[in-house]
Amino acid sequence: MAKIDYSDKQVLLIESSGNMRATIFYMLRSLGVVNLKAVTINDRVLPEISEHNYDVILLGHNVNDSLAGIQILEECRYLGYIKPSACWVFMTSDASQEVILHAIDSRPDELIMKPFSIDELKHRLDNILFRKSIFKPIDDAIEVGDYPTAISYCQNNFSSSDPEFDEAQLMLSRLLNQFGKPAEAAKVAEKLYWKAHEKDAGLCWAQALLAQDEVKEAQRLLKELIEEYPLFIVAYDLLASSHEKNGDLELACETVNEATQRSPLGIPRQMELGRLATQAKKLDLAGGAYKKSIMLGRHSCYKSPEPYLRLANVKRLELSAAEGPVASELKSEFDSIINQAYRSFPEDHLLQVKASLLKSELYNQLGDTDEANKCTRDAQRANSELSAPLDLERELLNVTGDAVPLLEPEKAKRATPTVSKKHDPEMSVKVNRLGVKHYLSGKMPQALKYFGLATEYDTTNVSALLNLAQLFLESARDSVDKRAERAKMVARYLKLSSRLVAEGVEKDKHHQLQAYLDSGIDKLPDGSLGNLIR
C-alpha cells in the first residue's frame, strides 16, 4: 500500500463528547492532517457538510445525544451529501445490533468502535483513502451520473492480477445493473460470487436475475445468502420484492417483518412493512409499523405525514368490520390521527389533499354520501391550488393502501421507498446559492447537484432552471462526443423556464442562453459563462 499523505486532505471531525473530540483531534494531527475542523453535533453540521468539499468526515455517535450521529449519517445519505469520492467513518461506542445494522443501511465507508488507538485509526483511514485514490475516476464519474465512463474504466483499467480487480468487478456489476444492462451484470457478478463467495456479489447477481424475470433463481440465491449471512438485511429487502413480484404478499410481508425485527430503526423498511401488511390484511402488524415510523420520524429526515395517513387508513379498514362502541372508538381514533398530522405539518398542502381523499373514502364506507362528496370537493379544491396537482385517482389508491395495478403495471422496485422532498421555495433559494458558490469555485459536479436539488425543492425556481441550462451548455461545448445529449438538456431546461421567466435579468439570461443554443454550441465563447450565473 502506498503511503498516504494527509497534509492535503480536508477533514471534518464531528463528535459531541469534548474529551473524545480532543483525543481524536490530536490523533489526526499526529497523522499529518493540517486542514482539520472539529465540531460538536448541532444544527449547523448539515450546512457545514453541504457547503464544503471535505475529503474525510469522521462522525461520532453517542446514545445520550439529543441529535444522534446516526441521524446525521442517515440524513446526509438521504439528501445526497455523501459523495462517492468522500471518505465517511462512523464512530460509535454502541455495539447493539440495531444501531450497527441501521448505520450499515446508510452505507458509510468504515465503521469503527470507540475507543480506538491511533494505530487502528491510521490503518482504517489508510485503507479507505488508498482505495479512494485507486477508484477516484470511477467515483468522479458516478458523482456526475456519467455511468458509461465509470463502466468503461472498470472494464479497461484493471487486470485479473491486480489486488483491486475483484472490487472493480463488483463495482462494474453494480454499475451495469444501474445502467440497465442486467444480463451483463449477471455474468460479472456470478463469476465473482463463485470465485470468492462474497455476499455483495451475490446480491448484485440476484438483482440482475430479478431484472431479467428469473425470479425463482434469484430467490434461491437470496435464501442462500440469508442462511449464510442472517444479518444481511438488504437481501431480505430484495427477497421480499421478489415475493411481491410473484404475487405472494404473505411471504413478502413475512420477509420484511423478519428484517425489521433484526433491524428496527429504519423508517423506509417500517413503512414498507406497513404497506405490505395492509395489503395482506394484517392490520395489527401494519398499525404497529406505522406507529413505529411516526416515533422514529420525530427527529429524522424521513419525517412526513405519510405514516399518519397510512395509520388512519388502518383504522378505517378496522372500522369496516366493527360495530357499536368499537366502531365509534375507531372513528375517533381515525379523526385524532388526521388532526395530529395537521398539527405536525400545518403547512403541508399535499396533506390537505390526501387527508380529504381518505376522509371521503371513510364517509362513503359509513354511508354518509353528503359528507363524502364534501370531502371530495375539499380535495379537488386543495389539489387545484398546488403548483403541481396530483392525479387524484392514483392518490386515492395510495392513501387507502390498495395496490396500483391499473396505473403502475410494471412497478417493481418497492423494497426501499423514499419520501419526496417537501415543496420549500426558501430552501430552494438557499440550495441554489450553494450551487452558485460551487460553480464560481470551479466545482462543476457539486454545482450541478445543488442546482438540481434546488429544482426538487421548488420546480418553479427559474434561477436554478437557467443555471442548469447554462451548466449543460458549457458541458456540451467542452464534450464533443456527448454534445447532442447535453444540448437536449439545455433545450429542456430552457423550455421549462420559458413558461416561468419574468422581465428583467431572468428574461435577459434566458434570451442569451437561447441565442447561444440557436447559433451553434461550437461558436460558444471559451471559458466560464460565470457572468450569467444567478
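The side chains of E306 and R310 are joined by a salt bridge with an N to O distance of 3.4 Å, a salt bridge being a side-chain nitrogen of Lys or Arg within 4 Å of a carboxyl oxygen of Asp or Glu. The model is predicted, so that local features need pLDDT of at least 70 and side-chain atom pairs count only at pLDDT 80 or more, whereas totals for chains, interfaces and linings use all residues. Residues are numbered from 1 along each chain as its sequence is written, and side-chain values use heavy atoms, with hydrogens and water left out.

E306 and R310 lie 4 residues apart in helix α15 (residues 306-319), about one turn of the helix; helices (H or I, at least four residues) and strands (E, at least two) are DSSP runs, numbered from the N terminus. Salt bridges that share partners connect E306, R310, K354 and E395 in one network. E306 is buried at a relative accessible area of 18%, and R310 is buried at 17%, where buried means under 20% relative accessible area, exposed over 50% and partly exposed in between (1.4 Å probe, protein chains only).

By the salt-bridge rule, the count comes to 31. One of these pairs is E272 with R275, whose closest N and O atoms are 2.8 Å apart; the two residues are 3 apart in helix α13, about one helical turn, and both are buried. In helix α10 (residues 215-228), E217 and R220 are likewise separated by 3 residues, and their salt bridge has a closest N and O separation of 2.7 Å. Here E217 is partly exposed at 30% relative accessibility, and R220 is partly exposed at 35%.

Most residues other than glycine have a negative phi, and most peptide bonds are trans. H197, in the loop between α8 (182-196) and α9 (199-211), has a positive phi of about 55° and is partly exposed at 28%. K281, in the loop between α13 (267-279) and α14 (283-296), takes a positive phi of about 65° and is exposed at 63%. The peptide bond from K114 to P115 is cis, with omega near -5°, and P115 belongs to the loop between β5 (110-113) and α5 (118-143).

Helix α20 (residues 425-440) comprises 16 residues and spans 23 Å from its first C-alpha to its last, close to the 22 Å expected, the expected span being 1.5 Å times one less than the number of residues. Its buried residues, including V431, L434 and Y439, pack against α2 (45-51), α21 (444-457) and α22 (462-478), contact meaning heavy atoms within 4.5 Å. Just after α20, G442 adopts a positive phi of about 80°.
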